[in-house]
Amino acid sequence: MPELLLELFSEEIPAGQQRRAAENLKKLITDQLVEKGVLYEGAIAHATPRRLAVHIAGLPKASQDVKTERKGPRTDAPEKAIEGFLRAAGLSSVDEAQVQSDPKKGDFYVAVIEKKGELTTDILANLLPGTIEKFPWPKSMRWGRGKLNWIRPLRAITATFGHEGEDPEIIDFEVDGLKSGDTTYGHRFMAPDAIKVRRFDDYAHALEQNKVVLDFERRKEMIRADAANLAFAQNLKVIDDEGLLDEVAGLVEWPQTMMGRFDEKFLSLPEEVVITAIRAHQKCFCLRDGTTGKLANHFILVSNLEAEDGGKTIVGGNERVIKARLSDAKFFYDTDLNVPLESRLKKLDNMVFHEKLGTQSARVERLVELSNAIAGQINAPIADVNRAAKLAKADLVTDMVFEFPELQGLMGRYYAEAQGEQDNVSAALQDHYKPVGPSDSVPAELTSAAVALADKLDMLIGFWAIDEKPTGSKDPFALRRAALGVIRICLENKLDFAFDQLLADHLKHFNLAGDAAETLESLCGFIEDRLIVQMREQGIAHDVLSAVLHKNGLAKGVSLVNIVARANELNGLVKSEQGESLVAGYRRAANILRAEEKKDGRRYHEEVDHKLFKADEEEKLATSIEVINEAVAANIAAEDFATAITELSTLRAPVDAFFEQVLVNDDDQNVRVNRLNLLAKLRDTMHLIADFSKLDG
């Protein structure tokens, strides 16, 4: 079957946008083809710095014929209704319509509309220009006198369609004066001449012959393998950096891997500084000694050229730049070390955190207060927490962090250690930013944990106070990450404390955009939503956690550890046979109560009168509820949720027996009311653990 080859050849596309753009292009085209009734066997997208390419195989020559029926009005309908039907169906008279009969509705008109399939080349010629013109780049540009918006100037469009073994047909269209054709170009410097292509196989082969490796993953593996081989020859090992590897593979079409070196004196710098400087400025990979594991004074660079001198000039140029950058870094480091962190705090007065939330200096004051409050709750050393919170943001005004913002926190730790701060204080300056992602560890030491929680909770309560909450997929201040950080720090360190009052007290530092109680409830709900997502990944269903949260949420003064402990035990109960039966009994009781309370216009919550019982099953259920209610309440107070759930599960038998033998709506009104009060006691007892009405099913 025929295949489509489309290539959009341009100036250099930013590395981070290439693969997503290629996949978007493929999806846009294939979605439109399917919508037009053109099915295909397979599609693949490719990207290099100067081209996006899409190959769609197994296309038909034309779309299928389509036959549809449109039902019209009855044959005896008003004339205007029939005329409207004919116009909508594209018929000139009722003679072109069919008449069908319905035993109940009588005779009515039906229009049979047949649409011939279109040639695939015509469909492509119509849809490709619009796809290119409306392509969703995050940022785009115009050039010359053209009107097309593209990531970089578009230079050529290759679009061919045809069977294997035949000369393909050019899909004929034009975009902003640029006509489609069957010509592309190889490497910018080593093979700049035009290349005529037919189909994908000879296209990919022709590019390779002209110094372009089309496949992104293959370029990555070439770089990875060549770098590893160069390093191994020197008893070195490349430091893994998948992000940098992706970026470099997007910067070259013909990867050439080389090794350079720098002066050993720069190894006196913290290794993160060396790695960051080399990575940020030159996109080069750093290496470790294969024996000691220490940072080596070598680096791997990837060029886009086969140099005539074997790469000496390219390596030499990179070595000179890296020497200059590392010299700057050493100057920054030595200069920063000479200034105590505490003496830098005044400069935070001039650094704005957020226009509505004040300066970094004001934020540090809030962090100190909130960290101390948290320290009191989790038994962290108050003096150390106070010191760490005070210095937490001091490195933001150092020369090193100004040059490399990604080293914030880390440099604070190095400077604090060098200036004689306590180990746990120094560690907290780095760790209070953690976790920065789902794969990052959480701070385990209590000093770090206290400051980390304060840092994240201050962010959350501050942005909620000024009504700058995440919306949809937009989260410019990473508040979802902050909430997940709070959850992970508390759960992984088993920090069993409620922070609703801490948040309420901390809220007083801000100019509120709304009601304080509503703000706190909204923020607690946001954190709970993140908790539901987090726990779902650990096997706790959303409805189980929702059942717990409805009665025992953060805004009600319950800790995250407490909530998750309840949810874990409830999750085990509802998955058991005994639990399923108990929940079914609860639902039956709750449904009866809901219906009767609505009918009677009242809520049943009075004491149960044992003298009104007519059946042993009533007495047994009432006695069980009284005993189990007391036991469950005591176990919950002791936070022994496993025992509480075990106690609750013993209600299964008396509940089952009650519903088998007892009719709630007895003819005697007093007996009926007493039985409804008994069901209310059952509901209230089960609600000690969670709101079972929130469970699915």
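This is a predicted model: local features need pLDDT of at least 70, side-chain atom pairs count only at pLDDT 80 or more; totals for chains, interfaces and linings use all residues.

Biologist: How many aromatic pairs does the count come to?

Modeller: The count comes to 13 aromatic pairs. In one of them, the ring centres of Phe200 and Tyr203 are 6.2 Å apart and the planes stand at 45 degrees.

Biologist: What makes Phe200 and Tyr203 count as buried?

Modeller: Buried means under 20% relative accessible area. Phe200 has 14% relative accessibility and therefore counts as buried; Tyr203, with 0%, is buried as well.

Biologist: Why is the pair of Phe463 and Phe477 called stacked?

Modeller: The planes of Phe463 and Phe477 are at 20 degrees, and the ring centres are 4.2 Å apart, so the pair is stacked. Phe463 lies in helix H14 (residues 446-465) and Phe477 in the loop between H14 and helix H15 (479-492), so the pair ties together parts that are 14 residues apart in sequence. Phe463 is buried, with a relative accessible area of 2%, whereas Phe477 counts as partly exposed at 28%.

Biologist: Which residues do ring pairs link into a cluster?

Modeller: Phe135, Trp137 and Trp150 are linked in this way.

Biologist: How do you know that Arg363 lies over the face of Phe353?

Modeller: A charge sits over a ring if CZ of Arg is within 6 Å of the ring centre and within 35 degrees of the ring normal. Arg363 is at 4.6 Å from the ring centre of Phe353 and lies over its face. Arg413 likewise lies over the face of Tyr414, at 4.7 Å from the ring centre.

Biologist: What makes Glu253 and Arg51 a salt bridge?

Modeller: The criterion is a side-chain nitrogen of Lys or Arg within 4 Å of a carboxyl oxygen of Asp or Glu. Glu253 and Arg51 meet at 3.3 Å, N to O, and therefore qualify. Glu253 lies in the loop between helix H6 (242-249) and strand E14 (256-261), and Arg51 in strand E3 (residues 51-57), so the pair ties together parts that are 202 residues apart in sequence. Glu253 is buried at 3% relative accessible area, and Arg51 counts as buried at 0%.

Biologist: How do you know that Lys220 and Asp246 meet in a salt bridge?

Modeller: Their distance is 2.8 Å, N to O, and the limit is 4 Å. The pair links distant parts of the chain, with Lys220 in helix H5 and Asp246 in helix H6, 26 residues apart. Lys220 counts as buried at 6% relative accessibility, while Asp246 is partly exposed at 21%. Both also belong to a network of salt bridges with Arg19, Glu217, Glu221, Arg224 and Glu242.

Biologist: Why is Asn379 called exposed?

Modeller: Exposed means over 50% relative accessible area. Asn379 has 67% and therefore counts as exposed. Asn379 is placed in the loop between H9 and H10, and its phi, near 60 degrees, is a positive value in a residue other than glycine.

Biologist: What is the phi of Asn235, and is this residue buried or partly exposed?

Modeller: Asn235 has a positive phi of about 55 degrees although it is not a glycine. Asn235 is partly exposed, with a relative accessible area of 40%, and is found in the loop between helix H5 (216-233) and strand E13 (236-238).

Biologist: Which residues does the cis peptide bond join?

Modeller: The bond joins Lys434 and Pro435, with omega at about -5 degrees. Pro435 is found in the loop between H13 and H14.

Technical notes. Residues are numbered from 1 along each chain as its sequence is written. Side-chain values use heavy atoms; hydrogens and water are left out. Rings of Phe, Tyr and Trp (its six-membered ring) pair if their centres lie within 6.5 Å; planes under 30 degrees apart count as stacked, over 60 as edge-to-face and the rest as tilted. Buried means under 20% relative accessible area, exposed over 50%, partly exposed in between (1.4 Å probe, protein chains only). Helices (H or I, at least four residues) and strands (E, at least two) are DSSP runs, numbered from the N terminus.
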